[in-house]
Amino acid sequence: MSVFKDHKISLKQVLEFIPEALLTHLSATTKVDYYSKVLHGKKMFYLLLFCIFDNEKLSQRTLEDTFNSSGFKALFGLGEEEKVRRSSISERLSKIDSNYFKEIYEQMYGRFSELYSKTEIEKYNLIRVDSTIVADACAKLKEGIDQKSGKKLVKFSFSFDGILPSGVEVFTGQKYSSEEAALPEAILKQVKKEEHHENIYVIDRGLQSTRVMKDFDEKSVKFIIRSKENRKFEEIESFLDGKKSQKWDDWEVMKDSKVKLYTGKPVLNKRGNIHHREEKVETDFRLVVIRNEKTKKEFWFLTNEFELSAKEIADYYRKRWDIEVFFRFLKQELNLSHLVSMNKNGIEVMIYMTMIASMLLLIYKKVNDLGYKTAKRRIAMELRDMITEILIIFAGGDPGKVFKT
């Protein structure tokens, strides 16, 4: 079997992290195989995983051609007589139980995250949360977030721990066009899933609601949010030493204070219209303001974490950029920008499969010390070598004469 000489782990070893027993168990406990004669849950799982790795741009026609190919059948032990049409794949994506794929994704994330060292566990309790939208071909979407242009969008809100995606939510409802609705829901679902966590959630300026921050604090959700500059607050206590400034590199701490924030309380007036009356929230927050000495640009951060230093808060927020790199990886290498299904159920299936593929690829990349593009290319090469080896054996030959390493 061909393995790159400088690799510490092969694709075959990475694929062993997907327990066959788990797929069989979930096939029995979910409704994934109801009303299906050919495209059972496991077959759909392997078909989607294979095609995500082996294609630059995935489509239902690509799925049809791959399933009907001899190489795919040989690799996954399918009968040569098994055939499917594109219409059958389209219908299956729209109706198959997406919880089957969600469960596989969550089980795999749990297994991979157990491999983190104690130092990494502390490091990766920092959860970056952000959303990305997909609009490619979305004029055909059956349900989505309406735009003025007439197109519909799908929003994916991700939680990312620095190595792996720890959570994802798919939003198609109109209210989720605002991050004030999407991000809190994504975060609270993640918190509910990870009981007894010590996570700190790092969020960009899309979320500014004081009421949401108050709710987070009441639910013991630690957060660091980049605030809009010059928002109204009442200073309760300053943590700065007036005689000694806090500086590092080109940055200086301008403010580090315990504060109370204001919010707009909806009030119904005599005419029956709703307006917002300014109201101070009695929850204590912390405001940290830093300024770059070269550009004079200020960054405001709001948090309910009082134990960290101002520098640590700024450093933690800088790590939020990791999720932007992750988004670029998903769109460029795993083709997230292209929707294979226009149905919400099919979209959920594909996003969970993309997350599973991303975890396998990221582990392969990390252990073998590769770049994103190189890791994706070598996985595709190893897949083709696996098929070639099986076909040589079926033909009665010796793969050792072809694969010397």
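Tutor: Helices (H or I, at least four residues) and strands (E, at least two) are DSSP runs, numbered from the N terminus. This is a predicted model, where local features need pLDDT of at least 70, side-chain atom pairs count only at pLDDT 80 or more, and totals for chains, interfaces and linings use all residues. Residues are numbered from 1 along each chain as its sequence is written, and side-chain values use heavy atoms, with hydrogens and water left out.

Student: OK, where does asparagine 199 lie?

Tutor: Asparagine 199 is in the loop between helix 9 (179-193) and strand 5 (200-203).

Student: Buried or exposed?

Tutor: Asparagine 199 is buried, because its relative accessibility is 4%. Buried means under 20% relative accessible area, exposed over 50%, partly exposed in between (1.4 Å probe, protein chains only).

Student: What does the side chain of asparagine 199 make a polar contact with?

Tutor: The side chain of tyrosine 201, at 3.3 Å. A polar contact is a pair of N or O atoms within 3.5 Å; within protein, one must be able to donate a hydrogen and the other to accept it, and residues adjacent in sequence count only if both atoms are side-chain atoms.

Student: Switching to rings. How many aromatic pairs?

Tutor: Rings of Phe, Tyr and Trp (its six-membered ring) pair if their centres lie within 6.5 Å; planes under 30 degrees apart count as stacked, over 60 as edge-to-face and the rest as tilted. By this rule there are 22 aromatic pairs. One of them joins phenylalanine 158 and phenylalanine 326, edge-to-face, 6.0 Å centre to centre with 85 degrees between the planes.

Student: Which residues form one aromatic cluster?

Tutor: Phe156, Phe158, Phe160, Phe326, Phe327, Phe329 and Tyr372.

Student: Last topic. What does UniProt list for residues 349-367?

Tutor: The unreviewed entry lists "transmembrane region" there. UniProt positions are in the numbering used here, feature names are shortened, and annotations may be inferred rather than shown by experiment. In the model, the span is 100% helix and 0% strand, with its end C-alpha atoms 27 Å apart.
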